[in-house]
Amino acid sequence: MDKLSCFHCGDDCDSSVISFNKKNFCCNGCKTVYEIFSENDLTCYYDLQNAPGSPSIDIQGKYDFLSQENIIEKLTEFNDDNIQIVTLYIPHIHCSSCIWILENLNKLNENVTSSQVNFGKKTVRVTYNPKKVTLKAIVLLLATIGYEPYISLDDFKTGQQNVNRSLIYKLGIAGFAFGNVMFLSFPEYFEVGEFWLEQYKHLFRWLMLVFSIPVVFYAGSDYFISAYKGLRSKLLNIDVPIALGIAVLFIRSTAEVIFDLGSGFFDSLTGLVFFLLLGKFFQQKTYTFLSFERDYKSYFPIAITKLHSNGNESPIQVYDIKKGDRLLIRNEELIPVDGILINGKARIDYSFVTGESETVSKLSGDKLFAGGKQTSGVIEMEALKSVEQSYLTQLWSNDVFNKNKEDGFTTLTNAISKRFTIAVLSIAIIATLFWLITDASKAMNVFTAVLIIACPCAIALSAPFTFGNLLRIFGKLKFYVKNASVIEQLAHINTIIFDKTGTITSHKKSTANYDGEVLSFSEEQLLKNTLRGSNHPLSRTLYDILDEHSIISLNHFEEHLGKGIEATYDKNHIKIGSASFVGTKETPLLNTTVHVSTNNHYKGKFTFFNSYRKGLSKLFNSLKKQYDLVILSGDNAGELENLKKLLPSNTKLIFNQNPDNKLEYIKYHQSEGAKVLMVGDGLNDAGALAQSNVGIALSENVNVFSPACDAILDASKFNKLHAFINASKSAITIIKWSFALSFIYNIIGLYFAVTGQLAPVIAAILMPLSSISIVIFTTIATNILGQKIKKNNKNNEHK
């Protein structure tokens, strides 16, 4: 029996051939690809020439190197037994249809777990099962559907860093054509009647048409593609009126030249595209500049413990980790870099990376990947990479692992743009009909001028540039915000909830007294090593207070959130935590306590004398006028009287709350209409941080990095929280002012356009200038806002 080739992938099919529309397929996956990308024609316009169809032999051979294990190891971000994750750079990502296709790869191959597109960086992050599908197969699948990735063989890295110069090329062609068309149009402008000019007038017009063709079909192609994709997706985007204006100008001008009716509007056409692209180029360069300082370092105001050869331990910033450094990872800490397990029992939770909640056991010598969370005591590892070579920053900004929080202001911007576009089209059509009846010679100029002058680009730019610059400013002030929508949410909060221990208190300055039976040397050694594995603020404080002891490897370690920790070494068992957790009765106390029992025998308790953060009372007094304030603590009510003296009288003080209680408290108040800001330490408060409208994790020289939070605030800037909230509100005001300026500009421009007093070329110059002016306004305004915050910070520090 002759082998049949699959119509889609080109491979020889086995006996289970699937026939469809007189075509043969190897499997349902190939058939699905054909149905989706051929029958429904959802492939990006740029790639219609590439898809659908089978990958050529050249394409298949091109990626043979992806079968080599050493290359796969360097390309993949995560490479475990059942899961591989790779981020591929795909230059052909251009529109919403591209995103839809690439994020539905699991429909084309069931062994693909998920695929996420980063539109700005033109990358897709694919998670798949390496036992059932290879990296080469994934790449070939992408190439087959028209999205061939760019892979550099020199350094085995994706090409994210390659500069996309297409805009520069298009701007250059449009500028060259515009200059020549303007030069050829001079005789028409001045109505020169010289003999030789009259002889060559028709040649000049045809030359202008020739110069305009690459401007329309190459330099201006993005506007047509965007408009087409938007309309096909039933979205009326801001490129629709621009594309319509360019098309009308070109068709009208071409008709005039062909039928010798006039010189056309090629000067306006080429000028329009040139100035549009110039505005886009300025916007791109400005946004790149604003985003420059938001690199991976912005997300790590945290530290990790480095082990030195002499046995000492010291905290270092995670972006100072170098290859070969030996690191200590405590219980519930995230692994910041890829490395090798050296010592300890590792049980790694990779749910933040893979979405799978099962923990994975690792032995000494096994590889550990950045983003995994240690869940069973302390381990030691050796770093294989520096932090910038891992993808921990992507982990924090990965919204798949977080609750979708309302992005109201972006929606408002899109809604305004949509309505404004409809209004502009309506005005253009009505004005054109009027002038067709009154003075047909002005109708085309009016139609084109209206479409150009009233483009809502400036409106669409207001929010991204304002928020983008404020993100950069916040980062400089040690307030690290995940994305722009968090700033919008922060501006609308009306309730602020604080955790107590590690949030309004500073464990660095806290002291503790012990009351109970004297601990033997072995018991204190076990206590010290058990505390070594915990990141809880009380654990860190007590660990620092106790005398130095040699390090021992625990047989068992477990941390119970909201209760305490327990561990076993040889035949000795220890429990540290609340009274009920260690098996004794709770007694009313005025201070926070930590109880200890060994081998089911109660030993005593450590009583902590809390040190509250600098400026706490002043912060709460400034917040009380605008917000409902709540202290939601897992500790007992021992500090109730002290807090009543420190905090405003209307502050709610709630104690003995476990993590689930905190989450439910927030959820209940949100159902009552509250917009909640939760400030916690990122450990026991992870659920509450995720549930709140905005969750801020406080960082104080420990690895409390939490993908569940929306922002990280350096503990030294805790008393500046109100200033950051006020700045977010001011950002909304800046955006509203930029909206108002844009509307005023458009109303004035529309008046001159509708009345026939505005030439299209002038409109083409003014339109990008309006966008540029909005960018300048928002940038200057947010910089002034940043200077005010800095000034307030300095004034407060000197007081």
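1. The chain carries 27 helices and 28 strands (DSSP runs numbered from the N terminus: H or I of at least four residues for helices, E of at least two for strands). Keep in mind that this is a predicted model, where local features need pLDDT of at least 70 and side-chain atom pairs count only at pLDDT 80 or more, while totals for chains, interfaces and linings use all residues. Residues are numbered from 1 along each chain as its sequence is written, and side-chain values use heavy atoms, with hydrogens and water left out.

2. Of the 799 residues, 53% are buried (under 20% relative accessible area, 1.4 Å probe, protein chains only). Among contacts (heavy atoms within 4.5 Å) with a separation of 6 or more, 67% link residues 24 or more positions apart.

3. F498 is worth a click: leaving aside neighbours within four places in sequence, its contacts include F620, L632, V679 and F718.

4. What lies nearest the centre of the second largest pocket? Those residues are G562, K563, S578, G634 and D635, out of 36 in the lining. Strand β22 gives the most to that lining, four residues. By class, the lining has eight nonpolar, 20 polar and eight charged residues (Asp, Glu, Lys and Arg are charged; Ala, Val, Leu, Ile, Met, Phe, Trp, Tyr, Cys and Pro nonpolar; the others, Gly among them, polar). A pocket here is an open set of points on a 1 Å grid over the protein atoms alone where a 1.4 Å probe fits, with protein on both sides within 12 Å along at least five of seven lines; lining residues have an atom within 4 Å of a point.

Terms used:
Buried means under 20% relative accessible area, exposed over 50%, partly exposed in between (1.4 Å probe, protein chains only).
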